Amino acid sequence: MKAYERLLNYVVVRTPSDENSETVPSSDCQFALAEKLCEELHELGVVAYVDDKCFVYGKIDATRGYEHCRKLGFIAHMDTVSDYCDHDIVPVITENYNGEDLVLGNIRRVLSVKNFPHFPSLKARTLITTGWTSVLGADDKAGIANIMTMVERLMTGEIPHGPIRIAFTPDEEIGGGISSFDVE
C-alpha cells in the first residue's frame with residue numbers, strides 16, 4: 001500500500017486531543033486509531049501492542065547478521081488539534097493540480113497563490129486537502145503513514161536492517177502523553 005493510501009485511511013479516524021483533560025490519553029477516541037495501527041502492524045508481521053495510555057509500540061528484530069547494529073526508533077503522534085473536529089473528516093483529492101488558487105470543498109474557501117507562493121511548484125501533482133470544514137489531520141498522520149509504509153517495505157526482507165522500534169503516541173498537540181512514554 002502506498003503512503004498516501006494509508007494517510008487517507010488514517011485521517012478519517014477522529015483523534016482530537018482534549019486540552020482540558022487530565023488523563024492520558026486526553027480523549028478516548030485516540031484508541032480507535034491506536035488499535036487500527038496495532039492491527040495493521042500485526043498483519044505486517046510486527047510484534048506490537050497498545051498500552052493502557054494509548055501508546056502503540058512495535059518491535060522489528062534485526063535482519064540476521066545485523067543484530068550488532070544500533071537500534072533505530074521511529075515515532076509519530078496520533079492526535080490532532082481539536083479545532084474543527086466535531087464532525088466527519090472528508091479528505092479532498094485534487095489530481096493534476098493546475099498551480100493556481102485552490103478552492104476547498106463546496107464552501108468556496110480559497111488557498112490563494114498570493115498567500116502560498118510555492119503553490120505553482122506543485123502544478124501537475126496530486127494534492128490531499130480537507131474541504132475546510134474540518135482539519136485534515138496530516139500532522140502527524142502523514143508521519144504515521146510513512147512509517148507504516150517503511151515497515152511494510154522492511155518486512156519483505158529485501159532491505160537488511162538493525163533492530164527497529166516504532167511508537168505512536170497520543171496527545172502531542174496539547175504537550176502531553178510523551179511524559180509517560182516508556183522506552184525499551
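**Entry 1: N96**

I started at N96, which sits in the loop between β4 (91-94) and β5 (102-104). Strand and helix labels here are DSSP runs numbered from the N terminus, with helices being H or I of at least four residues and strands being E of at least two. This is a predicted model, where local features need pLDDT of at least 70, side-chain atom pairs count only at pLDDT 80 or more, and totals for chains, interfaces and linings use all residues. Residues are numbered from 1 along each chain as its sequence is written, and side-chain values use heavy atoms, with hydrogens and water left out.

I looked up phi for N96 and got a value near 50°, positive in a residue other than glycine. Most residues other than glycine have a negative phi, and most peptide bonds are trans. Buried or exposed? I asked that of N96 next. N96 is exposed, with a relative accessible area of 58%. My cut-offs: buried is under 20% relative accessible area, exposed is over 50%, and partly exposed is in between (1.4 Å probe, protein chains only).

**Entry 2: D171**

I found another positive phi at D171, about 65°, and D171 is not a glycine either. D171 belongs to the segment after β8 (164-169). I noted D171 as buried, because its relative accessible area is 1%.

**Entry 3: cis peptide bonds**

I checked omega at two places. From V24 to P25 the peptide bond is cis, with omega near 0°. P25 is in the loop between α1 and α2. From D139 to D140 the peptide bond is also cis, and here omega is near 15°. I placed D140 in helix α3 (residues 138-154).

**Entry 4: whole chain**

I then stepped back to the chain. I count three helices and eight strands, and reading along the sequence gives me α-α-β-β-β-β-β-β-β-α-β. The C-alpha trace spans about 55 × 40 × 25 Å along its principal axes.

Of the 184 residues, 42% count as buried. The accessible surface comes to about 10500 Å², and 50% of that belongs to carbon and sulfur atoms. Those areas are from the Shrake-Rupley method with a 1.4 Å probe, and for residues only the protein chains shown count as cover.

For contacts I use heavy atoms within 4.5 Å. Among contacts between residues at least 6 apart in sequence, 74% join residues at least 24 apart.

I also looked up the charges: there are 17 positive and 29 negative ones, and their mean positions are 8 Å apart. Lys and Arg count as positive and Asp and Glu as negative, while His and the chain ends are not counted. Each charge is placed at NZ of Lys, CZ of Arg, CG of Asp or CD of Glu.

**Entry 5: α1 on α2**

How do helix α1 (residues 3-11) and helix α2 (residues 30-43) pack, and at what angle? I get about 145°, with the axes 11 Å apart. The axes are lines fitted to C-alpha atoms, for helices over the stretch in contact, and angles run from 0 to 180 degrees between N-to-C directions.

From α1, R6, N9 and Y10 meet L33, K36, L37 and E40 of α2. I sorted the residues of this contact into three nonpolar, one polar and three charged. In that sorting Ala, Val, Leu, Ile, Met, Phe, Trp, Tyr, Cys and Pro are nonpolar, Asp, Glu, Lys and Arg are charged, and the others, Gly among them, are polar.

The buried residues in α1 are A3, R6, L7, L8, Y10 and V11. I see them pack against α2, β4, β7 and α3.

P120 is in the loop between β6 (109-111) and β7 (127-130). I list P120 as partly exposed, because its relative accessible area is 39%. Leaving aside neighbours within four places in sequence, P120 contacts G99 and V113. I also took P120 against G65: 55 residues apart in sequence, 47 Å apart in space, C-alpha to C-alpha.

V110 lies in β6 and is partly exposed, with a relative accessible area of 45%. Not counting residues up to four places away in sequence, V110 touches D101, L102 and V103.

Last, I looked at G143 in helix α3. Its contacts are A76 and A138, leaving aside neighbours within four places in sequence. G143 and F31 are 112 residues apart in sequence and 18 Å apart in space, C-alpha to C-alpha.
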